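I set out to go through this model entry by entry, taking strand pairing before ring contacts and surface.

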Amino acid sequence: ASTPSWRNYLFGSLGAGGRAVFALDVTNSGAMTASCVRWELSDAEDVDIGYMTTSVKVGVLANGRWVAIFGNGFSSTNGKAVLFVVDIEYAASSNAATRASAVTKLVLDSAGSNGLGGVTLIPDPVTGRTDLVYVGDLKGTLWKIKYNTGTNTFAVDAASSTGLFSA
């Protein structure tokens, strides 16, 4: 939105029916039109997108940016395990460069035949901002991802660089 205002967004995926995730502005749900589609990521633009059968989580980072966070699902074209962090406002921008900067990806396993499931966001106990993300992959590894406030990026926790454990 050009003027900052509170919006109500609905996030979803195509589940087992397709490889895409989307955001809809449902602030005025009685007047839904095509312009209510704020953004969409699909396997047509990104080979890391798979079939996502878990929900998209929303959090606020230490820098105040609202983000959608999700695992890439199963059966992506490249078979990697990838965490997506999408800046909700920037992804809806009409400026192509701003849209391109909205998506951050963290590859957790690039060996193939993998993907990430649902994520759990853990807020900082003092600020309430998203501080940690836990996510499991298709190979049975549980990952702990830490938000770095100095660089405004997510990275695998140094103490668990190969995952917390594997089932």
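Entry 1. I looked up the pairing of S9 with strand S10 (residues 141-148) and found them antiparallel, joined over 5 bridges. The model is a predicted one. Within this pair, Val135 stands opposite Trp143 in S10. S9 and S10 make a hairpin with 3 residues between them, and Gly140 in the turn has a positive phi of about 90°.

I then turned to the partner on the other side of the sequence. Strand S8 (residues 116-123) also pairs with S9 in the antiparallel sense, over 6 bridges. Here Pro123 is placed opposite Thr130 in S9. S8 and S9 form a hairpin too, with 6 residues between them; Gly128 in that turn has a positive phi of about 80°.

I asked how many residues of strand S9 are buried. I count S9 (residues 130-137) as largely enclosed by the rest of the structure, because 6 of its 8 residues are buried.

**Entry 2. The open sheet.** I found 3 strands forming an open sheet, in the order S1-S2-S3 and with antiparallel pairing. Strand S1 (9-13) and strand S3 (37-42) are at the edges with a single partner strand each, so one side of each has no neighbour in the sheet. On average, neighbouring strands of this sheet are turned by 10° against each other, direction ignored. S1 is joined to strand S2 (residues 20-25) by 5 bridges, and I noted Ser13 opposite Val21 in S2.

**Entry 3. Aromatic pairs.** My search of the whole structure returned 6 aromatic pairs. One of them is Trp6 with Trp66: the ring centres are 5.7 Å apart and the planes stand at 80°, so I record the pair as edge-to-face. Trp6 lies in the segment before S1 and Trp66 in strand S5 (residues 66-71), so this pair ties together parts 60 residues apart in sequence.

Phe11 and Trp39 form a tilted pair, at 6.1 Å centre to centre with 50° between the planes. Since Phe11 is in strand S1 and Trp39 in strand S3, the pair ties together parts 28 residues apart in sequence. Ring pairs link Tyr9, Phe11 and Trp39 into a cluster. Trp39 counts as buried, at 5% relative accessibility.

**Entry 4. The surface patch.** Which residues form a nonpolar patch on the surface? I listed Trp6, Val58 and Trp66, with about 360 Å² of accessible area together. Trp6 counts as exposed, at 62% relative accessibility. Trp66 is partly exposed at 42%, and Val58 is partly exposed at 36%. I located Val58 in strand S4 (residues 57-60).

Key. Residues are numbered from 1 along each chain as its sequence is written. This is a predicted model: local features need pLDDT of at least 70, side-chain atom pairs count only at pLDDT 80 or more; totals for chains, interfaces and linings use all residues. Side-chain values use heavy atoms; hydrogens and water are left out. Patches are made of residues with over 30% relative accessible area and no salt bridge: like charges are joined within 9 Å, nonpolar side chains (Val, Leu, Ile, Met, Phe, Trp, Tyr) within 5 Å. Accessible areas come from the Shrake-Rupley method with a 1.4 Å probe; for residues, only the protein chains shown count as cover. A salt bridge is a side-chain nitrogen of Lys or Arg within 4 Å of a carboxyl oxygen of Asp or Glu. Helices (H or I, at least four residues) and strands (E, at least two) are DSSP runs, numbered from the N terminus. Buried means under 20% relative accessible area, exposed over 50%, partly exposed in between (1.4 Å probe, protein chains only). Two strands pair if DSSP finds at least two bridges between them. Axes are lines fitted to C-alpha atoms, for helices over the stretch in contact, and angles run from 0 to 180 degrees between N-to-C directions. Rings of Phe, Tyr and Trp (its six-membered ring) pair if their centres lie within 6.5 Å; planes under 30 degrees apart count as stacked, over 60 as edge-to-face and the rest as tilted.
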